[in-house]
Amino acid sequence: MMMHLTRHPIEVNDLLAQVQGPERGGTCMFLGTVRNDGDITGIDYSAYEAMAFSEIERILGDAQDRWPDARVMLQHRLGLIPVGEASIAIAAAAPHRDHAFAACRFVIEEVKKRLPIWKKEMHADGSGIWVDPSGKPVAEGLRDR
Amino acid sequence: MGKISVRFFARYAELAGCNWSAVNVETPATVADVIARVREVFPGTRELPPKPLAALNQRQAKLETPVRDGDEVALLPPLSGG
């Protein structure tokens, strides 16, 4: 069984293999990658791992309840992730594309609301800044030294 | 009296100066009572918002949720996964 949390680069083909099958003709894949904002060199992701794992199981279960004919899998990477590499991948496959797109979209939106995971932007000067969900850094006084 | 495990993550762990601790609260008590006690014990956590996001036994919980001896309360900074 695929682990939902990993500290290694995400293998997209492994994720696809978990959801694809001859009866599912539409597959949708979402990748979230670390963006080059300013002088960011990477993002350090941390998690409340036990809760995050359970919450991922619940999110995937909720998706299964809504789209019983779909198969959805997700993997979130933790630790320091360089710009350009994926922090999350979601694969959804269903008999037709509508359910694949809908299930994939549902899962990433629930991830944003429910997963106890945090990111710290790492900058070229070696400093790190915790990011709040609106994408703004927290108060300057909390900046790492 | 109930003993509640408390976990801190990300920026809140930096404010608290630790990742894990335990506090005693007079029962009956709620998640909010645990957080009030945490603010007394860990001065750095007074910078937490008035109503921080919290989890009780690994599920997000409202601040008025009752706690029992042996429970775990986690204080969660604004979530930013994905």
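Q: What percentage of the 82 residues of chain B count as buried?
A: In this predicted model, 38% of the 82 residues of chain B count as buried.

Q: Okay, where does chain B touch chain A, and how many residues are in contact?
A: On the chain B side there are 13 residues, and they are in contact with 23 residues of chain A. The elements of chain B that give two or more residues to this side are α1 (10–16) and β7 (72–76). By type, the residues on the side of chain B that touches chain A divide into eight nonpolar, four polar and one charged.

Q: Switching to chain A, what is the order of the open sheet of four strands?
A: The order is β5-β3-β7-β8 in chain A, and the pairing is antiparallel. β5 (79–82) and β8 (128–130) of chain A stand at the edges with a single partner strand each, so one side of each has no neighbour in the sheet. From one strand to the next, the twist averages 30°.

Q: How many bridges are there between β3 and β5 of chain A?
A: Strand β3 (residues 40–47) of chain A pairs with β5(A) over four bridges, in the antiparallel sense. One of the residues involved is G42(A), whose bridge partner in β5(A) is P82(A). As background, strands of a sheet pair through backbone hydrogen bonds.

Q: Which residues touch the most other members in the largest nonpolar core?
A: This core has 60 residues, and those that touch the most other members are V72(A), I90(A), A92(A), A103(A), V107(A) and V34(B). Strand β6 (residues 86–94) of chain A gives the largest share of the core, seven residues.

Q: And what is I90(A) in contact with, leaving aside neighbours within four places in sequence?
A: With those neighbours left aside, I90(A) is in contact with F30(A), V72(A), L74(A), C104(A), V107(A) and I108(A).

Key: Residues numbered from 1 in each chain as written. Chains lettered and ligands numbered in written order. Predicted model: local features only at pLDDT ≥ 70, side-chain atom pairs only at ≥ 80, totals over all residues. Contact = placed C-beta atoms within 7 Å. Nonpolar A, V, L, I, M, F, W, Y, C, P; charged D, E, K, R; others polar. Pairing = 2+ DSSP bridges. Axes fitted to C-alpha atoms, helices over the stretch in contact; angles between N-to-C directions. Buried ≥ 20, exposed ≤ 12 C-beta atoms within 10 Å, placed from the backbone. Core = buried A, V, L, I, M, F, W, Y, C linked by C-beta atoms within 7 Å.
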